[in-house]
Structures are given as C-alpha cells and as structure tokens.
Amino acid sequence: MSSFRPVDPKQSFPEMEERIAAGWKEGKVFERSLQQREDAEVWSFYEGPPTANGRPGSHHVLSRVFKDIYPRYQAMRGYRVPRKAGWDCHGLPVELEVEKQLGISSKQEIEEYGIEEFNRLCRESVFTYVEEWNRLTERIGFWIDLDDPYVTMDSKYIESVWWSLKELHDSGRLYEGHRVSPYCPRCGTTLSSHEVAQGYKDVVDPSVYVRFRLKDRDASLLIWTTTPWTLPGNYAVAVDPEVVYTEVDFEGETLILAEALVEKVLGEGVSGGKSFKGSELIGQVYEEPFPGMKENSGKFVIISGDFVTTDDGTGLVHIAPAFGEDDYRVAISDGLYDPTSSGEDGTLFNPVGLDGRFDASVAGFEGEFVKDPEVTARLIEHLKWNGRLFRANDYEHSYPHCWRCGTPLLYYAKASWYIKTSEARDRMLAGNEKIGWHPEHIKEGRFGRWLENNVDWALSRDRYWGTPLPIWGCSEADCDESFCAGSVADLEAKAGSVPEDLHRPYIDDVTWDCDCGKGQMKRVVSVIDTWYDSGAMPFAQFHYPFEGKEEFEQRFPADFICEAIDQTRGWFYTLLAESTLLFDEPSYRNCVCLGLILDGEGQKMSKSKGNVVAPWDVLDKFGADAFRWYLFTAQQPWAGYRFSLEAISEALRSFLLTLWNTYSFWVLYANAEGIDSSAAPDPAAEPTDLDRWAISRLQATVEGVSEKMDEFDCTGAGRLIAEYVEELSNWYVRLSRRRFWEGDAAAFATLRHCLVEVAALLAPFTPFIAEEIHSNLVGGADREFGSLPDSVHLRDFPAAASALRDPVLEAAMAATRQTVELGRASRAQAKAKVRQPLARAVVVATDAEREAISSQTELIKRELNVKELEFVTDQSDLVSYLVKPNFRTLGPRFGKSMPQVAAAVAALDPGHVAEVVEAGGEIGISIDGKDHSLTADDLLMSMEPLEGYQVEAESGHAVALALELDDDLIREGNAREIVHAVQNARKDAGLEITDRIALSLAGDQELLDAAAAHEGYVTGEVLARTIELGGDTAEAAAPGTPETTIDGKSLKISVVRVD
RNA sequence: GGGCGAUUAGCUCAGUUGGUUAGAGCGCGUCUCUGAUAAGGACGAGGUCCGUGGUUCGAAUCCACGAUCGCCCA
C-alpha cells in the first residue's frame, strides 16, 4: 500500500522544473526516448544552426521551444525523431566581433595583425557563449543532442561543402563573374548594406548632361550623370520601351530625351518635336561617349532597361556595367557581357583599378583618383573640349561614404564566384509547391515571389573567416588551368600534403606547379558566403558522401524545420537552392515561420531602448512551462508577440495554476482516503453521468489536439487543452467535491485518469508539469510504475477512444451548464443567496433542450439549491414563442427573395408554428405567388419569458425562480448558514480538513431550532462528533468565543478538536 | 520605390465555406460563493470590426482604393 506525494499548492515551478530536469538527465530519459523508437520510422527534424558568439535572447527561446514541441509530439506518436544540434561558425558577424575586440576595423589592419591569429580568435569567439546556450537549452526543456552537434567549421563539414561545390563546378553551375557592390578604394573592402547605411553624407557632386551622338544621323542622346568618372566605362544607353521620347531642335542642334522631361531639362516653354516610343530607339548605335580612350568596350548601343524612370535625368540612362548593379545585370541580360563565356564577351571592361584610380586605357588620366574634385573638373573640361558636354551644374545629394575612413564609396564590379541558381528557378518553384508552409501565405507570397525573381547566387566573399572556396588557378595570366577540390584526398593528390585545418591562411599555402610549366597553381583567395554552410547541413552534418550515407538518406528531406520569418531569404532559401541543385528535391516538407518578439508596447526589443526581457528573468520567476505555454498559445507564432512579464504571469495563473490546483485537490483527498497508488481501479465503481461526461470530453479533446498538432497548429491544440482543463476544474471538480469527501471510487478513478491523460497531452507543451503530475498519479510516492513507462515522455500520445464519446451527453451537459448559469443570474437579480433553498425553479426550453436538461435534474437542483425543477410546457403563461428564419439554409434557396421570406416568417403565428413543427409538419409560405414549404430546419424556434417573472433568458432559453419561502425553507437556509459559519470557525481555529470536532452552539433560538431540525446535516458537514445546542455552553466550552451574526441573529460557535 | 503581412472592447486575442444580437480572458465597477484554488460565479460599463467605395437578399469575413504599423528587399 503506497500513497501519493503530497502536493504543495504554493509550489515554486522554477524549483520543481530544475529538479525534474536533473531527474531526466540522471535517468537518461531523452536517450531512452530515442532508443525505444530505434526501429521505428524516422520523422526528420533539421536544426537551423545558431551562432554562439552572442547571448541567447527571448527570441531564441521562441524558436527553440517550437523546435521542441513538434519533435516531442511525433516521438510520442511512435516515430523515431533524431535531434542533432548544430552550430553556425563562420561569417562576417564573427569577424566584426573580433575586430571590435581588437579595436581594428579594416581588412588592411586584419592582414597586418595576421590572418592566422585573427582566425584563431574567430574560432574562439564562435563559442564564447556556448555554455550559456547549452544551459538555456536544457532549462527550457529543449530536447536535442548537444553532445554530438554538427559544427560548420569542422574540417569534415568543410569537406562535404567542398564536395557539393565540386558537383556544381563540374557541371558548369559554379562560375566566375563580377559583383557590383559598394566599395571603399582606400580600405580595399566591400561594405555590407548595414555599413553603407551608417555612412551617408550630404555632398555636392557635379550634375552633368552629356551628348551621346547618334552614328547614323545628326542628333544626340542627352544623358545625365552625377558620376562623370564612370563615362569611360560606358557600354550602352538604356531606355524604357514604353516611355515617349522626343527629338527637340534646341539652339541649333537636335537632342533626344523623354518628352515628359523636356521642360525640366531644357527650360520652360521649350516643346518637343517628333515623338516616338522608346522601343524605336532600341538597337541604334552612338559614337564613343568619352573620346580618346586607348581601348574600350566598343558597344555603344541603345537597349531596354526596366529601371529607367522619368522622375529625374533625361529618361536615357548611361550604362557602365562595372559601376552599377542595374548596369551589370542589364548588360548580362542583353548579351553585352556573358560572365560564363571565355570569348571577348566574357571580359568585363573596367578602366578603374582596385585603388580607385584610372588605368592606362583612359589616356591622360592614368593613375588619377576618380573621385578627386580636381580630376572631376578635368574630366568635365575634357568632355567640353570634345563637344560632348551639354551642361554642368552642382548637385547636392546624399552619397555613401566609408564609415571608417570617410572616402566616398564606389559602386564597383569585383571578381566574384556565382552559383547558377537562376537555371534551377523553375525546379525550385516546383519544389516549393510541395512544402507545407505555416502560415500558408509564405508559399505563394514572400517566398514564392522571391523565387520567381531569382538571380544567380553570389557565393564568394573576400574575407578571412569562412569555408575557403576550393578553387585553384594558374598564376600565369595566359594560362586557363583551374582546379576545384571536391575532397581533401583530391587536393592531396595534386599538392602532396594538406593542412589539418582547412581554413585560411593554411589552405592558401597549398600550391603546386601548373602543368603549363610556367605558373603555379594558387587558391582563389575568397571564402564562401556563410549561408552556403548552413544550407549544406542536410548532407554536411553527416560528412556525406564520405560517411553517413545511410543517415543522410534516412533523414532527407526533413519533415519539419522551424525558424524566424526573416529566414525566407536566408536558410529557407539556401536549403532549397542547394538541395534542388544537388538532389533535385526540396530538403524540407514542412516549415513553421516565427514572428518577432516585441515588448509590451509593440516596440522592437533592443539594448539601446532597454526594453529587452531577458529569458532568465522569465525562467527564474515563472518557469519554463509558463514561458513555453505563453509562446505556444498566446497567438499564432508568425503573428509576432507583444511580450512582457505580465503576459507570462497570466499564462501561469489562468492555465498552469488551474491545472495544478485540480491535481493538488485530487492528491489531497486521495491521500486522505487512503487510495493505494498501485492498486487497480475498483471495477465495482459505477460511473455517474458526470464521470462519463468528463471521459467523453477527454476523447473529444484528444481527437482535436491530435488533429491540430498534425497540422502544426499547437496554438489551436493548446487552447483545446486549456478549455478542457477549465471544464474539468470548474465543472467536474466543483460538482463532484462531495463525492471526493465521501471517497467515491468512480470519482477518484475518473479524475485520476483525466489528469494523467491531460499530462500526456501536455507533455510536448509543458514537459515539466506534465512529468510531475504523471509521475505522482501513475507512480505514487514510491515511483512504482509497474509495466508503465516511468516518464510521461516515454509513453505514447493519447489516442481517442470513440466508444467513450457520448455526444448526446455532451450536448445535455452544455444545456445543463447554461441552465445553471441562467439560474444563478436569476438568483443574483433577485438577491436570493444560493444558501437559501428555494421551492422550485422553472426552466423554459424547447422540447429538445428539455429532454437534455431533465436528464440532469438532480445536478441542477443541487447547483441552484432548489427543491423542484419544473419545465414550462407550451401554452404556458410564462413564455411566448419566437420564430426566426434560418438564413443559413434559406439563403441559398431563396437568394434575392430573402427579405420577403423573412417578412413572411415574421408574419407567422409562432404558437401555431411551434405546434406544427413539433408534430413534424411543414409550414407553407407564399412568395411572389408561389408556394414554398419550410421544414423544422428552416425555422429557428425559441421561447421568451413574458414580463412579470424573475427570469433570466438567453437565446430562447430561460430559468425562473419561485421566490416565496415557507418556514421549512427558512430553517434549512439557516442550517446552511450555520454550517458556513462553523466552517469558517474551523478554518480560524487552524484545523485540518479531516479533523473531527465537538461543536457547541449558543445564541438566537431560531438559529438553534434550525440546527436542531437539521442536526444530521450540520454535524455531517462540519465533521462534528458531538453537538450541543443552547444555553451558555458555547461560552462555557470556549470562553471569549466571538459572536457571529446571521441575518441579524447572533450565534456563538465553539469548535474543539477531538480524536 | 517594390513585395508580403497585420489592423476587431482600455489591454491580449478568438471569430468556421459570407447568414442577420461580433465573443473570450485580463483589467475596471457592483454583488456573490468558497474547507482544492494565487481561484469560481452573476451583473454592469466598454465596439463607426482602420477608412472609403463596390459585389451580395445579406459583409468583421469577398473585391478595389487609401491610411497606419511591421517584416523583407531596393
């Protein structure tokens, strides 16, 4: 015989959770949960790797608990769900952190400091906070294998990445081109958009209008630019084919520009001449715009550009592919330049060196810095001498500068390696169709749109801390020899030995003599975009294809991934792009997107605003379950959160505490009753309707929760559980309290079963409290689980037993609840206390409801404290009928005639309709001279109480109370008041609920008479062994006993504990 | 500038394929119940469902335009 661990109603959840987490660790529960499913089908989860060089915040808790709940659920459903952790190690953010630490800020300084040492610091920095990450992960109950994570900087991981790059390289899908980006010629660095945003300054630049003379006739294109230094790099002029252009005769020459801009450029009153669409200009050629070039790109043709506007300029845009992103893109799409070609078109003409100075091709300007104001003046002078300059002004605008050194940035094409993702666009779109997005609109919306506009992936980065691009080329300019390493062995075969650490600078030392006999094979210095690393995790985490083939195949594609919504263009994309290119299939089947965590005012959390809610504050104060429950159920996760400590506290109060109290109630009485934790339920225990109702509602809840969880809707699922717990606590337990005091075996068995199943439903949501409840209710104080699992996380998810569903009973109980609510409202209106019994309640309900309600007569009588329950029949004086059309059924049938139908129904005699409908008959109405018949479904019948009764009514259903009292009722009411007062006295005396007492009452004779009349009731309720009434006994037994009053009558109560 | 999403009570959120009286919780006020409960119950105050137009017999729901906020990109 063993009991249950007593439950502290004031339990500290954080404390309990830490104890349970320790128990899991000691009992290897996570490991065992995996082992017991070893032979089961895999349900695959991919962990998107975080970087541990910063402290984890509340948004990390969000993603980590969502990454936890679905794998836990599927594991309980019987799948094997391996959960391998991962860490993202490379990238600019890591480098910037180290730069900050060293107090340096440029590539030059990094190289002076030494790449070897710099990268060593990066390697360390990556795991600065890994301990805190691991601690948090365990504390929030995120079950993932932290002992064997994949680490993107490991040589094995890098080798897998190399393998994939070689696959792409060998099929021509990895190619070298250029990338136009903001570039600081002094620091020799490309700047990220974040850095660019920091460096905008208002400056004065020239605003230059230049003539581009047409070759075949005497007219000039008028071009506007604020960067005359880019003119030597001109390839073409872009127009909008739909915009109207015009030829203007102006001061003796013919100029071509957009008609809409004539007055703005040439002055008011000037009007255009012959007008035509831009498409007519396309294909025409013009003379070299910057005369005197020693060599040039030699195209000078008019092309179409989708970025041309008539907001400013002339509607004709000078195209220098080396100096503008749009320019570069349009040059490729128009065939002026083909980065994948080895012919003449394959070379991008760029007359400016990496130092920002003109090269020898620009005669007279060689070695000059392009943004030098003096040089600019000379450029303009040069254009003027050659008759090209139309006008030059000053132009004040905001222009980006290097945030470190203040040098104006150049948009500049640098050699860069690309992956030809555009070729796979249609296949990626097809793959996207197969992905289950949550929310759904991501598929066609944000992600789909992004895929449709796919451009080739610029892969290389001229940085230090990253996976090195495994491409070697000959140092001899004339030699085309190149080599892509697909493995360490490949490279060893070429170079002899390869360092263990594949990072820079060691890998840069791997060289060998080229077969051409003249040059040396050297690595292209770039590293790759760190996003490629994480996108490679489906295969690289297993060192595929060198090892882990079986694991890779079993787990590819993932059934589930989950990250914040900003990953649509990050990880969600790189995963899809890489798996489509390499395996022709998307690498995930379902994706849950998470929104942002904002503060309580809807502001973004940031350190500078000081509104950050640190996860540990929440965990220490309210616990992990409360945090998890809030995140799962507050709202759909992609909507974002307005997050505050108050919000968590409410989740705790309204849900976890309700559950806890129900559980603590059960344990309290089970122990008082001496229930044996290891004994089977008493088969003789006869369940009541209420028991069967609780079990039936449990099945409905289980069914609903499983459905929602299968659809990745834990918010909906959690709300169903909350609703059930509320019903259990505030309906089942409240109405069943007496049965627990009396040791009713069916009640104990029912509530125990419901709580254990709720714990199982909650296991994926709130794993700690679920474990606590399950372990005590199943295992008892001795933790003897018999043949059952010793952890809720080792059992199967509940399955709904449809045989235990009773929809009729559920409907009856719903009607009963409503009846009770109406009755209580009625009492409140009449100011008739519930303790005062009343002779009867009269329920107004239609026949169907009446049947349901009358099945629960006893329950309602007890709840409303009335002696009789009566139903009002038709023709009663108490109610009138109401009949309304059912728009749902009639709308589709009558359409436009609905207003007439509604009028016809309103004109019916409700009493008559009720009679006919109850008899199963039909009602005829006439619309536009045609007869139609309406059935019971088409009409909504209800009853309404007539004036003059103390009734409460809601949606055609009402309860009236008989308020007149006779002496019996008054005595009984007084007896209940006395019980209430004695219970308070017991409480004040600090007695345990099971203590027996000797009771003495003295005071008002009427009260004493009531106690005498109901002596059995009074002594039973307050556990009195003896009772003495009258005289001064109360005073004598307990001198100084305070006097209480009931309805103005005084009463003295003495309670004395007896054994 | 482009794409995507959001806007419902003081606050946080529900609201089914369009169906006629738009709900819940918290908070507030009044009352009440209580030997499981930091709880429960009743009543009340609180809503131009962001705005304008349209479709429809009927719109919080569908469409168009606009406003505000957010995210991503330029």
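**Strands, partners and contacts**

Q: In β21, which residue is the bridge partner of Trp-472?
A: That partner is Arg-523. This is a predicted model, in which local features need pLDDT of at least 70 and side-chain atom pairs count only at 80 or more, while totals for chains, interfaces and linings use all residues. Residues are numbered from 1 along each chain as its sequence is written, chains are lettered from A and ligands numbered from 1 in the order written, and side-chain values use heavy atoms, with hydrogens and water left out.

Q: What is the bridge partner of Trp-472 in β19?
A: Here it is Phe-483. β18 and β19 are joined by three bridges and run antiparallel.

Q: Why is β20 called a strand, and how does it pair with β21?
A: A strand is a DSSP run of E with at least two residues, and a helix a run of H or I with at least four, both numbered from the N terminus. β20 covers residues 512–513, so it qualifies. β20 and β21 pair antiparallel over two bridges, and Asp-513 has Gln-520 as its bridge partner in β21. The two strands form a hairpin with six residues between them, and Gly-517 in the turn has a positive phi of about 90°.

Q: What is the strand order of the open sheet, and what makes β19 and β20 edge strands?
A: The four strands run β19-β18-β21-β20, with antiparallel pairing. β19 (482–484) and β20 each have a single partner strand, so one side of each lacks a neighbour in the sheet.

Q: What kind of unit do β23, α19 and β24 make?
A: They make a right-handed β-α-β unit, with α19 covering residues 571–583. Right-handed means that, with the strands pointing away from you, the path from the first strand over the helix to the second runs clockwise. β23 (residues 561–564) and β24 (residues 590–594) pair in the parallel sense over four bridges, and one pair of bridge partners is Ala-564 with Leu-594 of β24.

Q: How many residues surround RNA strand B?
A: There are 48 of them, the closest being Gln-635, Arg-835, Phe-887, Lys-896 and Arg-986. To count as near, a residue needs a heavy atom within 4 Å. α22 gives the most to this surface, with seven residues.

Q: What makes the pair between Arg-986 and RNA strand B a polar contact?
A: A polar contact needs a pair of N or O atoms within 3.5 Å. A polar side-chain atom of Arg-986 lies 2.9 Å from a base oxygen, so the pair qualifies. For Glu-650, a side-chain N or O atom is 3.1 Å from a sugar or linking oxygen. Trp-741 has a polar side-chain atom 3.5 Å from a phosphate oxygen.

Q: Where in chain A is confidence lowest, and where is it highest?
A: pLDDT, the predictor's confidence in each residue, goes from 0 to 100. The lowest mean, 50, belongs to strand β33 (residues 951–954), and the highest, 97, to helix α17 (residues 537–540). Where pLDDT is low, predicted coordinates should not be read in detail. Over chain A the mean is 85, with 93% of residues at 70 or more. The model scores ipTM 0.91 and pTM 0.86.

Technical notes: Two strands pair if DSSP finds at least two bridges between them. A polar contact is a pair of N or O atoms within 3.5 Å; within protein, one must be able to donate a hydrogen and the other to accept it, and residues adjacent in sequence count only if both atoms are side-chain atoms.
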